[in-house]
Amino acid sequence: MADQKAEIFELNNGTMKVLISNLGCTITSLSVPGKDGKSADVVLGFDSVEPYLKGMAPYFGCIVGRVANRIKEGKFTLNGTQYSLPINNPPNSLHGGNKGYDKQIWQVAEHKAGDKPSITFKYHSHDGEEGYPGSVSVTATYTLTSSTTMRLDMEAVPENKPTPISLAQHTYWNLAGHNSGDVLDHRVQIWANHITPVGENTVPTGEIKPIKGTPFDFTAERRVGESIHEVGLGYDHNYVLDCGEEKEGLKHAAKVRDPSSSRVLNLWTNAPGMQFYTGNYVNGVQGKGGAVYNKHAGLCLETQGFPNAINTPNFPSVVVQPGEKYRNTMLFEFSVEFE
């Protein structure tokens, strides 16, 4: 498969246009209308595949795995065997290691046009890859299910050994447009009454902590920047999705609204957690069309298994048995909402 090259593919239904690369299933561009019907590209990224290949993206737009987020000290024990992973985010292993799924070229299994355009990517993760046990077949399908809705179905099946699996989509959103500055004026609501607080080295302590009345409380819509100065560098926390209404097997996870463009994103998922990250480490990245992305230039809504769950018995298990199917579905509903 070494002859496969990184390319960019298009999904377009006439209202919404999405560009996605087979390198890490990366969303490089997503254009949706705002007020007055004017479209803007609302994701951080690059104009070509080269900067992604050169490692210039801090996980812009990609799918991360085999296990998203941090694994403490890059170690875990499963069925009596200890596994060691690359320490690519010292002292922990982050987002699958040195060459996670975001840095792999996936195979395009299907690419459909029409009124519900879609693209399906496949990847075969081998036994021992980045230290993880067992081979895994992974698929990711992006579908434009309506004029302003995109669905992502991520699936993974272990072939021969139990293994932890937790995939996440790492797009950085800026609903005012990718080149519009920071997202501190965006309004966010998250259907979570708890977070999993982190100790040193940003690994969860194992506690599931109520957030009512704290700077982490987004149960009612509020401005991203309102209390961000009280949470260190910014938000980078796993929210426990425990109070969203359900539809079609998915829970309401988050709502993001940009007052300047009136664009709204509602996110639905079946995952137990969501990392809310405010781009705290983005610093002078040269992006699309000459834009420069700085701190808080975008926000991430990474639906996921809980961080370090493999080492935390009271967190929902991320271990998947051979032949079982792991699923993480995300529904991104865009709309225009006037105050």
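**Close-up views of a predicted model**

**View 1. The lining of the largest pocket.** By class, ten nonpolar, three polar and four charged residues line the largest pocket, where Ala, Val, Leu, Ile, Met, Phe, Trp, Tyr, Cys and Pro count as nonpolar, Asp, Glu, Lys and Arg as charged, and the others, Gly among them, as polar. The model is predicted, so local features need pLDDT of at least 70 and side-chain atom pairs count only at pLDDT 80 or more, while totals for chains, interfaces and linings use all residues. Residues are numbered from 1 along each chain as its sequence is written, and side-chain values use heavy atoms, with hydrogens and water left out. Of the 17 lining residues, Y52, G55, A57, D102 and K103 lie nearest the centre of the pocket, which is an open set of points on a 1 Å grid over the protein atoms alone where a 1.4 Å probe fits, with protein on both sides within 12 Å along at least five of seven lines, and whose lining residues have an atom within 4 Å of a point.

**View 2. The surroundings of K288.** K288 is buried, with a relative accessible area of 5%, where buried means under 20% with a 1.4 Å probe and protein chains only. The side chain of K288 makes a polar contact with the side chain of D41 at 2.7 Å, a polar contact being a pair of N or O atoms within 3.5 Å, one able to donate a hydrogen and the other to accept it, with residues adjacent in sequence counted only if both atoms are side-chain atoms. A polar atom of the K288 side chain also lies 2.7 Å from the backbone oxygen of V43.

Conventions: Buried < 20%, exposed > 50% of the residue type's maximum accessible area, 1.4 Å probe, protein only.
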